[in-house]
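Visitor: Please pick out one part of this model and take me through it slowly. I would like to see how it relates to its surroundings.

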Amino acid sequence: MLPGTIAGAHMGNPDFRVGGRIYATLWVEEERIVLRLVPEQQALLIEAEPDLFAPVPGAWGRRGWTNLDLPEADEETLRGALLAAWQATAPPDLVAAQEPA
């Protein structure tokens with residue numbers, strides 16, 4: 001688990017939080033994870049992997065919330081996306097403490 005992460009639940013689905021804020025929600029039945037990214041990260045991931053990543057519909061998606069379809073995602077893609085979501089959400093001091101010196 002990433003530093004400072006606490007598992008919880010959102011709308012009946014498992015979620016992962018850091019600093020009291022959700023950065024990922026797992027939708028088990030739909031085989032997807034919703035990630036909290038900044039819009040620039042979202043755009044890069046969608047451009048690089050349009051078959052895997054898509055914005056959440058509506059205003060949430062315009063703010064960076066992004067769907068990742070799990071059946072097609074490899075472990076490296078999932079790990080990278082989770083790390084990006086964690087970095088976008090975690091308190092700056094926690095992120096800085098994890099960066100190599």
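Guide: Let's begin with the second largest pocket, whose lining has nine nonpolar residues, one polar and no charged. (Ala, Val, Leu, Ile, Met, Phe, Trp, Tyr, Cys and Pro count as nonpolar, Asp, Glu, Lys and Arg as charged, and the others, Gly among them, as polar.) The model is predicted, so local features need pLDDT of at least 70 and side-chain atom pairs 80 or more, while totals for chains, interfaces and linings use all residues. Numbering starts from 1 along each chain as its sequence is written, and side-chain values use heavy atoms, without hydrogens or water.

A pocket here is an open set of points on a 1 Å grid over the protein atoms alone where a 1.4 Å probe fits, with protein on both sides within 12 Å along at least five of seven lines; lining residues have an atom within 4 Å of a point. M1, L2, T5, F16, Y23, L26, I33, L70, L78 and L82 line the second largest pocket. Two elements, β3 and α3 (75–89), each give two or more residues to that lining; strands are DSSP E runs of at least two residues and helices H or I runs of at least four, numbered from the N terminus.

β3 is the part to look at closely. The largest pocket is lined by H10, M11, I22, T25, W27, R32, V34, V56, P57, W60, W65 and N67, and the largest share of this lining, three residues, comes from β3. By class, the lining of the largest pocket divides into eight nonpolar, three polar and one charged.

On either side of β3 sits an antiparallel partner; pairing requires at least two DSSP bridges. Four bridges join β3 to β2 (residues 13–18), and V18 is the bridge partner of R21. Two residues separate β2 and β3 in a hairpin, where G19 in the turn has a positive phi of about 60°. Four bridges also join β3 to β4, with T25 standing opposite V34. The β3–β4 hairpin has four residues between its strands, and E31 in the turn has a positive phi of about 55°.

R21, in β3 (residues 21–27), counts as partly exposed because its relative accessibility is 39%. Leaving out residues up to four places away in sequence, R21 touches F16, R36 and T89, a contact being heavy atoms within 4.5 Å. T89 is among the buried residues of α3, and F16 also lines the second largest pocket, where we began.

Conventions. Buried means under 20% relative accessible area, exposed over 50%, partly exposed in between (1.4 Å probe, protein chains only).
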